[in-house]
Amino acid sequence: MLKELTRIRRKEYDVTIFQTPEFREKKGFQQVYRLNVEGSTHEECLDSVFRRFNVPDRIPIDFNGRFISTGDILYIDEGRRGQFYYQLKPGGWEEINRIHIR
């Protein structure tokens, strides 16, 4: 019963994937794909997107980028609650400033 009372509410996040034209470039990020992902936290959302775009059978047909890899950026827009940018580093996802996207 306690689990039902403290259930974390799941919400839908607006996620945009940014990648560089060539792997391992540091500049020139471009929007590759935009989708809505359901999750309870940003970490869950990031993991869901990573799993979806790294398995060939799960990648959407209209996706024209490459697999999610080190250096790629995910933008999570929560409307009035804020905008968050995460970059995939060797140790996992790390929140960054918007300045990296140009």
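Start by colouring the chain by secondary structure: you'll find two helices and five strands, where helices (H or I, at least four residues) and strands (E, at least two) are DSSP runs numbered from the N terminus. Trace the chain along its sequence and the pattern reads α-β-β-α-β-β-β. Before going on, know that this is a predicted model, in which local features need pLDDT of at least 70 and side-chain atom pairs count only at pLDDT 80 or more, while totals for chains, interfaces and linings use all residues. Residues are numbered from 1 along each chain as its sequence is written, and side-chain values use heavy atoms, with hydrogens and water left out.

Next, select helix 2, residues 42–52. Which residues are buried there? They are His42, Cys45, Leu46 and Val49 (buried means under 20% relative accessible area, with a 1.4 Å probe and protein chains only). Look down the axis of helix 2: its buried residues fall within an arc of 100°, so they line one face of the helix (the arc is that of the directions from the helix axis to the C-beta atoms).

Contact here means heavy atoms within 4.5 Å.

Finally, zoom out to the whole chain. Of its 102 residues, 37% are buried. Among contacts between residues at least 6 apart in sequence, 47% join residues at least 24 apart.

Notes. Buried means under 20% relative accessible area, exposed over 50%, partly exposed in between (1.4 Å probe, protein chains only).
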